[in-house]
Amino acid sequence: MEVLKKRPTSKGPAEWFTGDVWFDVVHAGTEPSRIRVNIVRFAPCSRTAWHRHATGQTLHVTEGIGLVQSRGGQIIVMRPGDTVYTPPGEWHWHGAAPDHFMAHLAMWEGTGKADVPETEWGEQVTGEEYHAHSAIG
């Protein structure tokens, strides 16, 4: 058994996020484990860029109200206790609702192959794309 040292909180890079996003790496497994777990905290209106994961991604909302969308799909409202799974290779984005903070656990696996990226990042989500949701109650 090993108690792992807590890593410092990191600011989400502007290439991957719009707005103020902070994350804590909970665990980045090493072979044979390839699990990745981050706690990600989004300020209101903050969000990821479009991206996809080679092995899929699971989000579990711990607080606040968030939004998630697959390319071409409807924007889904996420609330505490909600768990959302995005399958391998599906382009999507996620972030906080306009008037709420949101935090979630982001969980995915590495590919186990140095030449295959875990995550592929695309373009930023536009304001028009982000605000295409209906009123959040």
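Which residue forms a salt bridge with Lys6? Asp24 does, with the closest N and O atoms 3.0 Å apart. This is a predicted model, in which local features need pLDDT of at least 70, side-chain atom pairs count only at pLDDT 80 or more, and totals for chains, interfaces and linings use all residues. Residues are numbered from 1 along each chain as its sequence is written, and side-chain values use heavy atoms, with hydrogens and water left out.

**Overall build**

- The chain has 1 helix and 13 strands. Helices (H or I, at least four residues) and strands (E, at least two) are DSSP runs, numbered from the N terminus.
- Along the sequence the pattern reads β-β-β-β-β-β-β-β-β-β-β-β-β-α.
- The radius of gyration is 15 Å, which agrees with the value near 14 Å that a compact globule of 137 residues would have. This radius is taken over C-alpha atoms, and the globule rule is 2.2 Å times the number of residues to the power 0.38.
- The C-alpha trace spans about 45 × 30 × 25 Å along its principal axes.
- Of the 137 residues, 36% count as buried. Buried means under 20% relative accessible area, exposed means over 50%, and partly exposed lies in between (1.4 Å probe, protein chains only).
- Among contacts between residues at least 6 apart in sequence, 67% join residues at least 24 apart. A contact means heavy atoms within 4.5 Å.

**The six-stranded sheet**

- An open sheet of 6 strands runs in the order β1-β3-β4-β12-β7-β10, with antiparallel pairing.
- β1 and β10 (83–86) stand at the edges with a single partner strand each, so one side of each has no neighbour in the sheet.
- Two strands pair if DSSP finds at least two bridges between them.
- Strands of a sheet pair through backbone hydrogen bonds, either parallel or antiparallel.
- Strand β1 (residues 10–11) is joined to strand β3 (residues 21–28) by 2 bridges, and the two run antiparallel.
- Ser10 has Phe23 in β3 as its bridge partner. Lys11 stands opposite Trp22 in β3.
- β3 also pairs with strand β4 (residues 35–42), in the antiparallel sense, over 7 bridges. Val21 faces Phe42 of β4.
- β3 and β4 make a hairpin, with 6 residues between them.

**Salt bridges**

- The structure holds 6 salt bridges. Each is a side-chain nitrogen of Lys or Arg within 4 Å of a carboxyl oxygen of Asp or Glu.
- Lys6 and Asp24 form one of them. Lys6 lies in the segment before β1 and Asp24 in strand β3, so the pair ties together parts 18 residues apart in sequence.
- Lys6 counts as exposed at 62% relative accessibility, whereas Asp24 counts as buried at 8%.
- Arg36 bridges to Glu118, with the closest N and O atoms 2.7 Å apart. Arg36 sits in strand β4 and Glu118 in the loop between β12 (102–109) and β13 (119–121), so this pair ties together parts 82 residues apart in sequence.
- Arg36 is buried at 15% relative accessibility. Glu118 is partly exposed, with a relative accessible area of 24%.
- Glu123 and Arg71 meet through their side chains at 3.2 Å, N to O. Glu123 is in the loop between β13 and α1 (127–130) and Arg71 in the loop between β8 (66–70) and β9 (76–78), so the pair ties together parts 52 residues apart in sequence.
- Glu123 is partly exposed at 43% relative accessibility, and Arg71 is partly exposed at 41%.

**The site of His92**

- His92 belongs to strand β11 (residues 92–96). His92 is buried, with a relative accessible area of 1%.
- The His92 side chain reaches the backbone oxygen of Glu90 at 3.0 Å. A polar contact is a pair of N or O atoms within 3.5 Å; within protein, one must be able to donate a hydrogen and the other to accept it, and residues adjacent in sequence count only if both atoms are side-chain atoms.
- Leaving aside neighbours within four places in sequence, His92 is in contact with residues including Trp50, His51, His53, Gln69 and Thr86.
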